[in-house]
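Colleague: I have the model open and would like to go through it with you. Can you take my questions as they come?

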Amino acid sequence: MSDTITLTIDGVEIQGKPGQTIMEAADAAGIYIPRLCAMDGLVPHGSCRVCTVMVNGRPQSACTQPIAPGIVVDNETDEINAIRRDIVDMLFVEGNHFCMFCEKSGNCELQAVAYRLGIAAPRFPFQFPDCGIDASHPDIFIDRDRCILCGRCVRASQDLDGKDVFGFVGRGSEKRIAVNSDAKLKDTNIDVTDKAVEACPVGALLKKRVGFAVPIGQRKYDHKPIGSDIEQNKGSL
Amino acid sequence: MGKPKLATTSLCGCFGCHMSVLDIDDRILKLIELVDFDKSPIDDIKEFTGPVDIGLIEGGCCNEENVHVLKDFRKNCKILISVGDCAIDGGIPALRNNIPLKECFDEAYSTDNRLGPAVLNPSGKVPNDPELPLLLDRVYPCSEIVKIDYHLPGCPPPADTIWEAMVALLTDKPVALPYELIKYD
Amino acid sequence: MSETLESAVKAVCSECGNDRERMMDIVRAIQGKFGCVSSEAMDMIAKQLATHRVEVESVVSFYSFLSDRPKGKVVIRLCDDIIDEMAGSADVANAFATELGIGIGETTADGKITLEHTPCIGMCDQVPAAMVNDVVVTNLTPAKVKDIVAKLKADVDADLVDAPGDGNNANDLVKAMVQNNIQQSGDVIFAGMEPGAAIKKALEMAPKDVIAEVTKSKLRGRGGAGFPTGLKWKFTSDAPGAEKFVLCNADEGEPGTFKDRVILTEQPDMMFEGMTVAGYAIDASTGVVYLRAEYAYLREYLESVLARRRSDGLLGKSVCGKDGFDFDIRIQMGAGAYICGEETALISSCEGLRGDPKNRPPFPAQEGYKAGPTTVNNVETFCCCARVMEKGADWFAGIGDGQSVGTKLLSISGDCGKPGIYEVPFGITVDEMLKMCGAKDTAAVQVGGASGQMIGKNDFGRKICYDDLATGGSIMIFNSKRDLLKVAEKFMEFFVDESCGYCTPCRAGNVLLLNALKTILAGKGEASDLEYIETLGNTVIKASRCGLGQTSPNPILTTLKNFRPAYEALLVAPSKDGYQVSFDIKAAVGDAAAIAGRDSVHAY
């Protein structure tokens, strides 16, 4: 009784452990819930909302919502997929995502989630914002056109690197990723080996001179949808 | 009953998507069996000869002529498809979309060394022949100008993507592309 | 400048104990002294607090009353809400701009005066209104503006208050031209109470019995959400945690509401009394009032009330002589952010952070301010608590209607004869309310502020209560001559400006909704755009992380539901050729035509 919690996701009964979030319990059971701001090893952020699920009929973010006995979770329904598509569409149109020349293309989680959801083109009008690039650092650059404000670099720098290189400034649609310096990335204590650099799900924070190394057709999401690794666990519990 | 008709054009694009059409290899022979080409750079027909079943649009709209051609396609095509990222979201040309037009001209045509020699232009003047179509304030995705029925993403879309979509439409089947055929790059 | 930036930063930080949780006070102080928190100042503050610079910048860039670029010694903030607009705020803005020779968002060449717009400042009953630094000026006309600007040009510290308002507005520590406009008093809020009366009653009971009494009274939160107060206190009391907190939400930012302003002016004792009772009930020793920056003019007075209560033994060590019950209250100033009225954002702000809401769970009752169990209640709710203690739960539960008991303060503004504050029992119908405030030819009523709903005549028989038309108190009335879609546009602009930007649907979705509405208002919308708005609005409501995004599509969705013909009248038929009617080629080639110095020769 105290060791496991039984819940239902899309009609499948699964067991979770006390203290787990819905996403953690689903992952362990081989059920993939799409996500962008959530990442193993980082405190849940709950900001992208791509992992929105219905818990007993109420929308919740799976990355922050703890499991509870008997809850009924809807993950793959038409309604939820429509909401997720809208959110991913919003992320595409509120930034400038030029996949064709992005070093992250093929390994990009935003792109991969969109592929998985079968999005051929966003249904919203493109906003073409003016975001800016910071290429001051010799080994790393920030391309804010591609930033989806997931906060993974912020948390990774704080919690894994112990540095606090990044933060958010501004609010609403003016919100931007900023660095811990008056001027530029080069003036911070970021290092090319920092976990924060790896944490970026898109091509907003990248190492210089290492892009395009893997040919098209051999990249992470060229053949298998994002979440396939999690779904391999299905039935293992 | 004649064969269905197909028209294609490249607006503000690089013709890469047309290359991808040709990249269907020997299936192009089958395509010719399935359709007749109407207005298209492939057969060099300049004007629509009549109503067309499917129009393929490559490129977004960067000037008034692009808008004119796109509207012409919409008017003449039963089904209109945005083929490739430029048609869908403006693509690389849309990099200018948050730069004022004047600055773009200066960058391209000014003789001021600081602005960079985009073209050899000793006069420093912006070309202004009355016949030149006026540029739009930004590059517009096609769907902002006319209604678009289908989007085939990619830069360019894989030949298989174009082929699968064509075959589905020409055989009255739903366009349901498998995972590997939706790619943005 | 007599004081250097460096010495000022050091002094301000050390006054705040070099505590980074006091960031709001520190950056506000620097902003006040230097007209901005410059890049240099941010570095100094970060160094002084041993924190990271980006943390300082994240706060400064979040709040609209803070700025990294210099503003004038005087900042004039013109209230930009719909009620002010209906009363001619555009003329007032023009008058300011003309007299000062600058546009909105600009500063005079001598660096003395900055002119800005700001959302609702809580003066909808005396519009148009503005803030001149912390001084509120009301009932503005272009003539009055001329006078104000002349005075400020002569002396930036000029006294702009010729005739103070009624009640405590005339108090030496307030001296504001603001009027209370209490149009109707009831037995709960605007009735007398001996300071200490409620606390003494509470202290005769065990803390758990105080909670039981509040629960028995059926009191629900007055800020809008309507959570049962007794239950909230019980959760906080039951939660494990060494230190618990009582927070009062005086960040009244919902457009059209101004009831807390009047409570803070006339009944602050009652509010503090309620907070103290809460402190006793949940075993807290610290209370914080989060006061919106727009009400800074009340701060000194409120501090004096706190000081008096301390000297009267109603705050501080052993409150009312009760051994072991120590409780004190401090005031935390906001800095211009609507989102901070959301309880977890309010907590973030009190902790010296950006006003981002927090993830729930944990709820504040479990883990709130400084990670301690925290009850956050509205100004009016605390007053109700005090009255429940004084008069008993049964007395309180006897007022009102069904599950909505007690009285409710309504802030009524817009097209009516007597705007102001009305204390009414729950259950009053909209029709009764309209009669009460002298509204004629009413076409629509916005119940619950921008995040509430716009209702039409068919709904005027409905009741103001939790189970029907719930409201935190904002009531805006519109007559048949008003353009309700422009009202919706105004509210959507407000939400776009005030979204914290943390979650995707609210940050990006509201911008898209506003753009879609603007397309329709420009006469370029098609029938399919209405469906687009409905599905997009549904996503924003369902997927947003906090109450802001979960309600922000309401201005459009409720006008669309209740006034659909107004939208339909603006729609155009789709192009038979499949063109997008929203695309305007003339506008699109305008820049190029200007550069080329010619029109197109093509008949495109």
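Colleague: Fine. What sort of model is it, and what are the ipTM and pTM?

Modeller: This is a predicted model. It scores ipTM 0.97 and pTM 0.97.

Colleague: And what does chain C average in pLDDT?

Modeller: The average for chain C is 96, and 99% of its residues score at least 70.

Colleague: How many helices and strands does chain C have?

Modeller: Chain C has 24 helices and 16 strands. Its radius of gyration is 25 Å, close to the 25 Å that the globule rule gives for 604 residues, so chain C is as compact as a globular protein of that length. The box filled by its C-alpha atoms is roughly 90 × 65 × 50 Å along the principal axes.

Colleague: What percentage of chain C is buried?

Modeller: Of its 604 residues, 55% count as buried. As for contacts in chain C between residues at least 6 apart in sequence, 70% of them join residues at least 24 apart.

Colleague: I keep looking at α14 in chain C. Why is it described as largely enclosed?

Modeller: Eight of the eight residues of α14(C), residues 343-350, are buried, so the helix is largely enclosed by the rest of the structure. Among them are Glu343(C), Thr344(C) and Cys350(C).

Colleague: What do those buried residues pack against?

Modeller: They pack against α2 (23-34) and the strands β6 (245-250), β7 (286-291), β8 (328-333) and β9 (374-378), in chain C. After α14(C) comes Gly352(C), with a positive phi near 85°.

Colleague: Changing topic. How many residues of chain C are in contact with chain A?

Modeller: On the chain C side there are 32 residues, in contact with 31 residues of chain A. The elements of chain C that give two or more residues to that side are α3 (39-48), α4 (53-60), α18 (484-498), α19 (504-521) and α20 (527-543).

Colleague: Which one gives the largest share?

Modeller: That is α19(C), with seven residues. By class, the chain C side has 13 nonpolar, ten polar and nine charged residues.

Colleague: Last one. How is chain A divided?

Modeller: Into domain 1 (5-76) and domain 2 (85-207). The contact between them takes twelve residues from domain 1 of chain A and 17 residues from domain 2 of chain A. The domain 1 side divides into eight nonpolar, three polar and one charged. Taken over C-alpha atoms, the centres of the two domains of chain A are separated by 25 Å.

How values were computed. Residues numbered from 1 in each chain as written. Chains lettered and ligands numbered in written order. Predicted model: local features only at pLDDT ≥ 70, side-chain atom pairs only at ≥ 80, totals over all residues. Domains from an automatic or database assignment. Contact = placed C-beta atoms within 7 Å. Nonpolar A, V, L, I, M, F, W, Y, C, P; charged D, E, K, R; others polar. Helix = DSSP H or I, 4+ residues; strand = E, 2+ residues; numbered from the N terminus. Rg over C-alpha atoms; globule rule 2.2 N^0.38 Å. Buried ≥ 20, exposed ≤ 12 C-beta atoms within 10 Å, placed from the backbone. pLDDT = per-residue confidence, 0-100.
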